[in-house]
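Hi,

Here is the structure I promised to pass on.

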Amino acid sequence: MSPANPAQGATRAEPAIVRRQVNLFDLQRQKARLGAEIEVRIDRVLDHGQFILGPEVTALEEDLAAFAGVKHAIAVSSGRDALIMALMAFDVGPGDAVFVPAFTFSATGGSVASVGAAPVFVDVDARTFNMDPASLEAAIERVKRAGKLVPKVVMPVDLYGLPADYAALTKVAHAHGLKMLADAAQSFGGEAGNRRVGAHAPLSATSFYPTKPLGCYGDGGAVLADDDDLAEAVRQIRSHGRAGDGDEALRLGMTGRLDTIQAAVLQVKLAAFEDELAARRRLAAMYDERLKDHVAPPLIPQGCASAYALYTVRVPDRDAVRGRLQEEGVGTGLFYRIPLHHHPAFKPWVDGAEHLPVSEALADDVISLPIHADLTDEELDYVVERFLAAIA
Ligand SMILES: Cc1ncc(COP(=O)(O)O)c(C=O)c1O
């Protein structure tokens, strides 16, 4: 029987679920905010024509150093090249061991192999996703006992934007006479102990890949340093080993400069970066609050702030959850499905002694949810609602 009052029927009907599309990243919205100014700055470069190491590069370097609270920023061609050049500045080469977390992007270990050194894989902390000091200690001892490689550098990664535990890791590194190099590709803008990323190791390498918290419109990166000599070494290396305009190659180098056009893009984006970081952190706090009874939110240790390159949680049956979210229009990411010691490319440096259970478990169950400065509260609500349904 049909209801006498049509409104009665309407109240009984299921509320319509409006399907949305929420992407993991959305650079077009940022372009809508900043694009006009970026075009003006790019035009200026096209007019003056100094495409390599033009005035925008110098100005950007000053702004990056001021932002990070360090003396030097050297703008370079990519995050991976920043790591390679930092390793070269430390004179790392064949026969040297560089300790890297196993749970990271392949460029971390790849940069080490690119300078002829051996990446040694270290497990991570299951709560912060970052290098575990106890596993580092064990790996250094193992390399020393084997006697084939010289332990040289510890290279933690600030995964998803959270600075690694530099205080604890540096203690282990220094006890064994090793140097520290931060793979800060994902964490520009992150903080620990009142110091921003860039100040936690003698050399820090960051990336301006387009989807990074501070990204350009192509490849780019920077090396951050306080030490004058190390900074000068990186400057020379990025420009064929020459000092300034000199003809002489003082050391081996590469073509590792950031293009002036990318520097112009980054100048505009850096001016908006403080606000964007605040927006990411606000959204992350909303996720934390809404998800905390269902999954463990990413742990941000006391005194630290993440740049939230990604908002990542762990879920059982991750691939099925991802599939359900995709059907609902929610874009997610899997960073990283394969720990470094399982990549074919790193086989030569895997001796079978690696027992890295945390990295292996994380590779199976992490999932990253949309987070960027232009994500709306309504979109976050939708993601949370769909995510909770997907894991139910
Ligand atoms: C941890 C880590 N290291 C290094 C890199 C390399 O940076 P790029 O892509 O700019 O070379 C990335 C980039 O994704 C990264 O996430």
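There are 12 aromatic pairs in the structure, where a pair means rings of Phe, Tyr or Trp (its six-membered ring) with centres within 6.5 Å, called stacked with planes under 30 degrees apart, edge-to-face over 60 and tilted for the rest. One of them is the edge-to-face pair of Phe 121 and Phe 346, at 5.7 Å centre to centre and 65° between the planes. It ties together distant parts of the chain, 225 residues apart: Phe 121 sits in strand β3 (residues 118-122), Phe 346 in the loop between α10 (318-327) and α11 (357-365). Helices (H or I, at least four residues) and strands (E, at least two) are DSSP runs, numbered from the N terminus. Phe 121 counts as buried because its relative accessibility is 1%, and Phe 346 is buried too, at 4%. Here buried is under 20% relative accessible area, exposed is over 50% and partly exposed is in between (1.4 Å probe, protein chains only). Ring pairs also join Phe 67, Phe 188, Phe 208 and Phe 273 into a cluster.

Before you read on: this is a predicted model, so to speak of local features we need pLDDT of at least 70, and side-chain atom pairs count only at pLDDT 80 or more, while totals for chains, interfaces and linings use all residues. Numbering runs from 1 along each chain as its sequence is written, and side-chain values use heavy atoms, with hydrogens and water left out.

Now the cores. A nonpolar core is a set of buried Ala, Val, Leu, Ile, Met, Phe, Trp, Tyr and Cys residues joined through side-chain atoms within 4.5 Å. The largest has 34 residues, and Leu 87, Val 92, Val 98, Met 155, Leu 181 and Leu 203 touch the most other members. Two or more residues each come from β1 (72-76), α4 (79-89), β2 (96-101), β8 (203-207), β9 (221-225) and α8 (228-237), with α4 giving the largest share, seven residues. Beyond its neighbours within four places in sequence, Met 155 has contacts (heavy atoms within 4.5 Å) that include Leu 83, Leu 87, Phe 99, Met 131 and Leu 181. A second, separate core of 28 residues includes Ala 75, Leu 258, Val 268 and Ala 272.

On a 1 Å grid over the protein atoms alone, a cavity is a set of points where a 1.4 Å probe fits but cannot get out, and a pocket is an open set with protein on both sides within 12 Å along at least five of seven lines; lining residues have an atom within 4 Å of a point. Grid points are joined across faces, edges and corners, and a volume is the space filled by probe spheres set on the points.

The largest pocket has a volume of about 480 Å³. It is lined by 23 residues, and Phe 105, Ser 207, Tyr 209, Lys 212 and Tyr 336 are the closest to its centre.

A search of the whole structure gives two cavities of 30 Å³ or more. The largest cavity has a volume of about 140 Å³; of its 16 lining residues, Leu 27, Gln 30, Lys 212, Arg 280 and His 372 are the closest to the centre. The second largest cavity has a volume of about 90 Å³, and of its 14 lining residues Leu 159, Tyr 160, Leu 162, Pro 298 and Ile 300 are the closest to the centre.

Cheers
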